[in-house]
Amino acid sequence: MKHYIGIDLGGTNIAAGIVSEAGSIISACSDRTDAAKQFEQLVSDISDTAYKALSISGLTISDVTAVGMGTPSCIDPKTGLLVNANNLNWRNVPLVSELQKHFPVPVFVQNDAACAALGEALTGAAAGYENAVMITLGTGVGSGIIMHRRIYNGCDSMGAEVGHTKLVHNGRPCTCGQMGCFEAYASATALIAQAREAAQKEPSSLMNGMCGGELMKMNAKIPFDAAKQGDNTALEVVGQYIDYLASGLSSVITLFRPQAVIIGGGISAEGEYLLGPLRKKLYRCTFAAEQIGIPDIIAAKLGNDAGIVGAAMQCVA
Ligand SMILES: [Zn+2]
């Protein structure tokens with residue numbers, strides 16, 4: 001049986017696992033990411049975490065077919081250069097060749113959201129589907145497009161970024177420098193900003209009490225919790241958030257016609273309270289939905305494991 005090392009590098013954590021050919025995690029290990037370290041030192045830490053996971057599994061590097069890693073950044077698949085990772089202060093670093101110094105097997109690197117999508121599509125929420133799109137609703141909006149069980153990257157290092165497709169002409173400013181991106185409306189950050197603004201305007205809203213009167217303590221769960229208790233201000237904030245989410249996703253569905261759209265990230269924990277209204281709105285606003293329906297809209301299932309599994313499975317796909 002073939003084995004792969006899957007590494008999920010985040011701004012705060014390095015997670016590594018030994019993954020079977022079928023996509024199950026045999027052993028895993030995680031360490032803190034010290035973003036202040038030099039590039040070569042941090043790659044050495046990544047390698048240490050991977051070898052720890054390997055030792056827990058009882059296997060050795062000679063049992064490993066390839067190493068796959070996901071990073072929160074853009075990778076040029078032709079050169080192995082990592083173009084830019086803001087949270088690690090990496091710019092144009094030779095990531096694949098540096099990793100290759102530690103592993104005597106082929107090394108592959110991909111965007112982390114694309115890896116998570118591959119993990120969910122092959123062994124998680126969308127197992128059994130050939131084509132799926134995953135959207136991660138967190139600080140930003142991450143995305144991964146899976147076509148015929150492989151990551152679709154387009155033709156250059158920036159890959160496919162659903163979060164930075166345009167939702168509103170000249171709309172809200174986005175972290176990327178553009179205006180009106182989907183991410184500026186559908187991220188958890190956007191929901192929190194809207195909830196703060198609405199709570200400030202409406203002092204009687206339950207959301208004020210739920211953040212202890214300190215609007216800086218607002219999080220993405222509070223508007224949902226208040227809405228579940230019938231708070232009108234929160235219902236309006238959540239309703240508008242789901243409207244924006246549906247508008248952005250309807251374009252993605254019309255472009256790619258995936259069999260499933262997987263929703264991940266912290267907000268996906270709202271489950272059917274989010275997905276039920278989202279399906280209804282998508283049905284209303286998506287091209288030809290009355291004739292052909294809409295894809296399955298499902299919550300991600302693997303949590304943090306998706307990144308490790310997908311990172312490893314990119315070596316197979
Ligand atoms: Zn943007």
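**Exercise 1. Classify Lys37 as buried, partly exposed or exposed, and find its salt-bridge partner.**

Solution. Step 1: in this predicted model, Lys37 has a relative accessibility of 31%. Step 2: buried means under 20% and exposed means over 50%. Lys37 therefore counts as partly exposed. Step 3: the side chain of Lys37 meets that of Asp45 in a salt bridge, with 2.8 Å from N to O. Step 4: the cut-off for such a pair is 4 Å, so the distance qualifies.

**Exercise 2. Determine which parts of the chain the salt bridge between Asp31 and Lys52 links.**

Solution. Step 1: the side chains of Asp31 and Lys52 form a salt bridge of 2.9 Å, N to O. Step 2: Asp31 belongs to strand 3 (residues 25-32) and Lys52 to helix 1 (residues 39-57). The two residues are 21 residues apart, and the pair links distant parts of the chain. Step 3: Asp31 is partly exposed at 23% relative accessible area, and Lys52 is partly exposed at 39%. Step 4: the count of salt bridges comes to 9. Among them is the pair of Arg279 and Glu272, at 2.8 Å from N to O. Arg279 is partly exposed, with 28% relative accessibility.

**Exercise 3. Name the donors of the zinc ion and work out their arrangement.**

Solution. Step 1: the zinc ion is coordinated by ND1 of His164 and by the SG atoms of Cys174, Cys176 and Cys181, at 2.0 to 2.3 Å. Step 2: along the chain, these donors follow the spacing H-x9-C-x1-C-x4-C. His164 and Cys181 both lie in the loop between strand 11 (150-151) and helix 4 (183-186), so this pair ties together parts that are 17 residues apart in sequence. Step 3: the 4 donor atoms subtend angles of 105 to 121° around the zinc ion. Four donors count as tetrahedral if all angles lie between 85 and 135 degrees, so the arrangement is tetrahedral. Step 4: His164 is partly exposed at 26% relative accessibility, whereas Cys181 is buried at 0%.

**Exercise 4. Describe how strand 10 pairs with strand 9 and with strand 11.**

Solution. Step 1: strand 9 (residues 132-137) and strand 10 run antiparallel and are joined by 6 bridges. Met147 has Arg150 in strand 11 as its bridge partner. Step 3: strands 10 and 11 form a hairpin with 2 residues between them, and His148 in the turn has a positive phi of about 50°. Step 4: strand 10 (residues 141-147) is mostly covered, with 6 of its 7 residues buried.

Definitions and conventions
Residues numbered from 1 in each chain as written. Predicted model: local features only at pLDDT ≥ 70, side-chain atom pairs only at ≥ 80, totals over all residues. Heavy atoms only, no water. Helix = DSSP H or I, 4+ residues; strand = E, 2+ residues; numbered from the N terminus. Buried < 20%, exposed > 50% of the residue type's maximum accessible area, 1.4 Å probe, protein only. Donors = N, O, S within 2.8 Å, 3.2 Å for Na, K, Ca; no water. Tetrahedral: all angles 85-135°; square planar, octahedral: opposite > 155°, others 65-115°. Pairing = 2+ DSSP bridges.
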